[in-house]
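Hi everyone, thanks for making time this morning.

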Amino acid sequence: MSKLERVLRIALAIVAFSLGVYFSTWWGLLGLIPLLTSIFAVCPIRVLSGKQACPLGVCPISKKKN
């Protein structure tokens, strides 16, 4: 995950949290998804699709099984 993508995900999380607080809804909790994926640098959808970027290919979570 590139630095730009992580920053965009954090920004999206902040916007979602802010809208949830402003409108007093639970939808702000959806901001947890981009926040957690940016913190851990792992997107579950990318892992399942086999497109998870991993430096040097050493991340065990992103290796495809034969």
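Let me start with a term: a salt bridge here is a side-chain nitrogen of Lys or Arg within 4 Å of a carboxyl oxygen of Asp or Glu. This is a predicted model, where local features need pLDDT of at least 70, side-chain atom pairs count only at pLDDT 80 or more, and totals for chains, interfaces and linings use all residues. Residues are numbered from 1 along each chain as its sequence is written, and side-chain values use heavy atoms, with hydrogens and water left out.

So, which residue does Arg-9 form a salt bridge with? The partner is Glu-5, and the closest N and O atoms are 2.9 Å apart. The structure holds one salt bridge, so that's our one example.

Where does Glu-5 sit? You'll find Glu-5 in helix α1, residues 3–22; helices are DSSP runs of H or I, at least four residues, numbered from the N terminus. Arg-9 and Glu-5 are four residues apart in that helix, so about one helical turn separates them.

Are these two buried or exposed? Glu-5 is buried at 17% relative accessibility, and Arg-9 is buried too, with a relative accessible area of 17%. Buried means under 20% relative accessible area, exposed over 50%, and partly exposed in between, with a 1.4 Å probe and protein chains only.

Now to the aromatics. The structure holds one aromatic pair: Tyr-22 and Phe-23, edge-to-face, with 4.8 Å centre to centre and 85° between the planes. Rings of Phe, Tyr and Trp (its six-membered ring) pair if their centres lie within 6.5 Å; planes under 30 degrees apart count as stacked, over 60 as edge-to-face, and the rest as tilted. Tyr-22 counts as exposed at 66% relative accessibility, and Phe-23 counts as exposed at 54%.

Note on methods:
Helices (H or I, at least four residues) and strands (E, at least two) are DSSP runs, numbered from the N terminus.
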